[in-house]
Amino acid sequence: LKESIKLGIFGLGTVGKGVVEQLRKNGALISQRLGKELQITKAVTANPTKDRGIDLSDIQISSDPKDILDDPEIDIVLELIGGVTDAKSIVLEALQKGKSVVTANKALLAECTEEIFNMAYQSKGLFGFEASVAGCIPVIREIKSSYSGEKIEEISGIINGTANYILTSMIEDKADFQVALKAAQDKGYAEADPAFDIEGTDTAHKLIILMDLAFNGLFDLKELYVEGITKITPLDIEIAEQFGYTIKLLGKAVNTDKGFEGRVHPTLVKTSNMLASVRGAFNAVAIKGNFMGPTLSYGAGAGAYPTASAVMGDVIEISRNLLQEAGQLVPPLASMRDQLSKKKILPMSEVTTEYYLRFSVLDEVGVMSKITTLLGENDIGIRSMLQKGEAHSPKDPIHVVIFTHKAIEKNILKALAKIDSLQFVAEPTNLIRIDTE
Ligand code: HSE
């Protein structure tokens, strides 16, 4: 029987260092729970001699992937370098060699789903990726284990800490977008390329992983509708608040009669909805199942320690399996491999929801009636409306805001195309979808 479980880490950045620190601090506790010791014996990083401000003296550090991949003593490989190309070869080779792998890499799993999971299904090694979605919230374990008897109907998630941090700062502190982004970067929440956070890409990566797990499918990332938070203005925030809403970047997946909805966009969420109170870099994932009803899981979605903790949870679970020689008790992607099929996402034009429309128009006679006529002609009902601002000269635009009843997106787009081409429209209309929960 093994005396200890040996780990090799790729990457000593934010998360990698967090894992080392957690093992230093909680190692004794972990050994008590596991019955064996966990040891990080090797690390591979691009810059092995860099001072990282923590004690790494008992870890053999190099820049050669073979040092870990060819070491028969290493049981579990931790891929914590991020990015797709190098991470992919590391994960594939480790699994192919029968090693177990733990990764936090959502981009890799979302972009190379079939390749990675085909290998994970075939490998003698086990595969953990809890840290890839929503930091320390065990949402992947929930879907794979706790909810495995459920038909999952809907998932709504705040799953990007950086975007939520920025929106919270803009709403609560009236902070400037760029200042809030810089603060999120300084706290270690943001991606290497922060466009991934603010343009919705990171949320999309995570949503695709949840959809694959929840709906027994292999979904195509390219079919997701993805819109980030860069068009949200302080004015939208103020008007939303006035009508009892806050603005969140939601990843939403719904199993509808028409097909699977999958979409990422800023969303008006009622302040009474629990998702509205998820602040700062925190994440929350609401899941509805046909027997369990609605659930909500909440926790830190980004940052070194919460992400490291999710990695550690996987490492310990895999170690237990290895020590018991239990094999793959739970399939890597929740269903049996032959039951996983490619599934389509409904085009965004087919989605039905409510809309917030902010028109920037000149304050002229007949403007309101033209807008409402065009909405009516496209089968769009109005729930409430507001005129905001005062024109100090005839060329100053004012804002007309309309909250619609449920409408199909293609009709909204048809109406907006006509309205935005009218002479009195000063700027393209700002559209924000409303969560109807
Ligand atoms: N950039 C990510 C976020 C890190 O802000 O949520 C965690 O995946």
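Visitor: How far is a polar side-chain atom of Glu191 from the ligand's nitrogen atom?
Guide: In this predicted model, where local features need pLDDT of at least 70, side-chain atom pairs count only at pLDDT 80 or more, and totals for chains, interfaces and linings use all residues, a polar side-chain atom of Glu191 lies 2.6 Å from a nitrogen atom of the ligand, which falls under polar contacts (pairs of N or O atoms within 3.5 Å). Residues are numbered from 1 along each chain as its sequence is written, and side-chain values use heavy atoms, with hydrogens and water left out.

Visitor: And Asp197, which part of it is 2.7 Å from a ligand nitrogen?
Guide: For Asp197 it is an N or O atom in the side chain that is 2.7 Å from a nitrogen atom of the ligand, whereas Tyr189 places a backbone N or O atom 2.7 Å from a ligand nitrogen.

Visitor: How much of the ligand does the protein bury?
Guide: The ligand taken alone exposes 250 Å², and the protein buries 92% of that, with areas from the Shrake-Rupley method and a 1.4 Å probe.

Visitor: Switching to sheets, what order do the six strands of the open sheet take?
Guide: The order is 3-2-1-4-5-6, with parallel pairing, where two strands pair if DSSP finds at least two bridges between them. Strand 3 (60-62) and strand 6 (127-128) are the edge strands, and each of these pairs on one side only.

Visitor: How many bridges join strand 4 to strand 5?
Guide: Four bridges join strand 4 (residues 76-79) to strand 5 (residues 100-103), the two running parallel, and Leu78 stands opposite Val102 in strand 5.

Visitor: What about strand 12 and strand 13, parallel or antiparallel?
Guide: Strand 12 (residues 282-289) and strand 13 (residues 293-300) pair in the antiparallel sense over eight bridges, and together they form a hairpin with three residues between them.

Visitor: Which residue stands opposite Gly289 there?
Guide: Gly293 in strand 13 stands opposite Gly289.

Conventions: Polar contact = N/O pair within 3.5 Å; in protein donor to acceptor, adjacent residues only side chain to side chain.
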